[in-house]
Number of protein chains: 2
Amino acid sequence: LPFEVTILGCSSATPTADRHPSAQFLQIRNSTFLIDCGEGTQIQIMRFRLRTHKLQHIFISHLHPDHYLGLLGLLCTFNLQGRNTPLTIFSPPGLQEVIYKVFNTSGVVLQYELVFEIVNTSQPEIILETPEVLVQTLILQHRIPTVGYLFREQPTLLKIDAAKAALFKLPFEAFKYFKRGEDFVDESGQRFSYKDFTFPPPAPRSFAYVSDTIYTEEILPFIFETDLLYHEATFMHDRLDRAKETFHTTSVQAAELAKKANVKQLLLGHFSARYKNLEPLLEEAREVFPDTALALEGLKFTV
Amino acid sequence: LPFEVTILGCSSATPTADRHPSAQFLQIRNSTFLIDCGEGTQIQIMRFRLRTHKLQHIFISHLHPDHYLGLLGLLCTFNLQGRNTPLTIFSPPGLQEVIYKVFNTSGVVLQYELVFEIVNTSQPEIILETPEVLVQTLILQHRIPTVGYLFREQPTLLKIDAAKAALFKLPFEAFKYFKRGEDFVDESGQRFSYKDFTFPPPAPRSFAYVSDTIYTEEILPFIFETDLLYHEATFMHDRLDRAKETFHTTSVQAAELAKKANVKQLLLGHFSARYKNLEPLLEEAREVFPDTALALEGLKFTV
């Protein structure tokens with residue numbers, strides 16, 4: 001079952017001709033999520049042929065314009081496309097008022113339910129739990145209240161060792177106990193441990209989205225051994241002062257965090273428009289953490 | 001001196017992968033103007049390598065989201081780029097409040113002066129006059145108050161017939177009178193008519209922007225013999241009922257108006273996302289008015 005992140009935008013506040021502002025499309029099994037929604041996100045979704053009919057949850061990290069302006073058009077387009085299922089938007093406070101100011105000015109009347117969930121920006125919390133996914137916030141340190149988001153797959157069911165069970169002539173009925181991690185007791189009272197007839201499931205996969213923030217190790221315990229870490233890298237390390245001043249991170253700092261967190265792979269994004277060529281930025285990060293990639297738009301990363 | 005329209009977006013409300021919402025960039029001599037500003041306009045400006053440092057005036061036709069949402073990001077980017085010259089936005093009422101709602105929510109403080117000019121949406125008026133250009137509104141009929149814009153070059157100066165003036169041994173000083181359309185009287189009191197020593201200037205060029213509207217002939221006297229007419233053509237003519245219902249125009253209607261107005265060239269745009277292939281739409285318009293083109297994004301039309 002898929003666990004994939006598609007990059008829709010990788011620019012910091014000022015976009016460039018080929019770098020849109022922040023937005024990522026996440027597919028975890030049968031669920032799809034949108035994380036941040038910079039200007040142009042709806043067109044990027046069309047360009048990369050992504051399907052939004054299953055999208056029920058959008059996560060906004062903070063209310064700087066490059067992280068949410070695309071919502072306005074996207075929500076209108078859903079309306080024009082006849083969407084009639086509810087949509088929930090998680091964000092720091094203030095978003096609902098902006099959206100309805102636009103809608104009221106423009107005579108937009110939504111035909112579907114829009115739910116606003118305000119996240120706590122000072123305390124991490126679990127904000128969504130579905131049979132497939134658990135989502136919790138990461139507290140970031142930016143110029144305005146900002147959160148990151150950690151997506152964890154729910155543990156998958158045990159895999160049955162069917163051949164072995166057949167040798168023991170266990171009835172098919174036993175499998176449903178085993179799948180849930182329960183023992184099976186047959187009519188004669190004999191107990192069969194699920195451990196003997198199942199393979200352990202693969203560890204649940206995880207993805208952390210960290211943008212925008214000054215370098216902070218407070219999130220380390222939450223992102224430890226995450227499979228895929230997206231971390232902002234607005235500047236190269238020679239602009240560390242500028243990064244601190246603007247509450248952003250350098251590529252080397254992002255790599256250091258990835259190393260300390262022992263993640264599998266690091267994605268860098270939120271690049272300053274000053275960098276035409278991003279290879280030097282990638283190279284200096286790879287010297288610290290080799291499994292690093294640039295989160296360029298259109299790329300799809302599989303966990 | 002240039003008089004050019006570059007198309008930045010040609011979609012109606014729902015964009016497609018290769019059709020952004022409405023926006024056009026106009027260069028008249030040394031002046032540049034932006035007309036409507038749908039989502040993604042700032043990136044389109046970058047893609048097509050247009051320069052905005054001389055941009056002082058933006059014209060918004062109406063406050064449906066596909067005609068102004070791109071302003072929010074564009075104005076922020078100008079700020080980040082260090083713009084410090086005033087910018088004036090003409091639009092129906094309500095825009096200023098939306099923009100400041102976004103800026104206040106997102107902590108954006110503009111470093112340049114933003115001037116809002118509210119246009120009269122029931123009575124056409126001249127709204128801008130510079131040494132190079134005169135701009136007036138066209139009253140359109142849409143679901144909300146909407147105007148079009150007519151751009152007319154100011155009459156250029158007369159061109160001196162220098163060879164003839166030299167034959168008459170007229171002093172160089174006489175030319176400045178002739179250029180202004182005044183006669184020159186020499187020291188002996190002899191009068192030389194400017195008409196005898198000048199060529200008439202070319203007729204001032206003009207461009208009319210008409211989006212969005214139901215078919216209306218009320219604008220005919222204003223756009224008569226306009227060089228270039230951009231007119232919305234949201235639907236093909238087989239959807240005339242739908243066009244009327246939504247206060248839009250069909251391609252054939254736009255062509256009929258162009259024909260009655262005896263314009264030089266017609267540009268069609270604001271296409272419904274339902275049309276993957278726009279050639280049939282163009283063809284049926286050309287049957288009525290042959291000098292018709294599709295206003296596809298990235299195209300530059302010279303008047």
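Predicted model: local features only at pLDDT ≥ 70, side-chain atom pairs only at ≥ 80, totals over all residues.
At what angle do the axes of helix α2 (residues 70-80) of chain B and helix α3 (residues 95-106) of chain B cross?

**View 1. Helices α2(B) and α3(B) cross at roughly 60°.** The two axes, of residues 70-80 and residues 95-106 of chain B, come within 11 Å. Angles from 65 to 115 degrees would count as roughly perpendicular and those under 35 degrees as roughly parallel, so α2(B) and α3(B) are oblique to each other. Their crossing is right-handed. On the α2(B) side, Leu71(B), Leu72(B), Leu75(B) and Cys76(B) make the contact. On the α3(B) side, the residues in contact are Leu95(B), Ile99(B), Val102(B) and Phe103(B).

View 2. A disulfide is a covalent bond between the sulfur atoms of two cysteines. For Cys37(A), the closest cysteine sulfur is in Cys76(A), at 11 Å, which is too far for a bond; the cut-off for a disulfide is 2.5 Å between sulfur atoms. Over all chains, a search of the whole structure finds zero disulfides.

**View 3. Chain B superposes on chain A by a rotation of 179°.** The shift along the rotation axis is 0.1 Å, and the superposition has an RMSD of 0.2 Å. The two copies are thus related as by a two-fold rotation axis. Within chain B, the C-alpha nearest the axis belongs to Gly40(B), at 2.5 Å from it. The same surface serves both copies, in that 100% of the contact residues of chain B recur in chain A.

**View 4. Chain A contains nine helices and 18 strands.** Taken along the principal axes, its C-alpha atoms fill a box of roughly 70 × 50 × 35 Å. Considering contacts in chain A between residues at least 6 apart in sequence, 64% join residues at least 24 apart.

Conventions
Residues numbered from 1 in each chain as written. Chains lettered and ligands numbered in written order. Heavy atoms only, no water. Least-squares fit on C-alpha atoms with pLDDT ≥ 70 in both. Contact = heavy atoms within 4.5 Å. Axes fitted to C-alpha atoms, helices over the stretch in contact; angles between N-to-C directions. Helix = DSSP H or I, 4+ residues; strand = E, 2+ residues; numbered from the N terminus. Parallel < 35°, antiparallel > 145°, perpendicular 65-115°, else oblique. Left-handed = near helix turned anticlockwise from the far one by under 90°.
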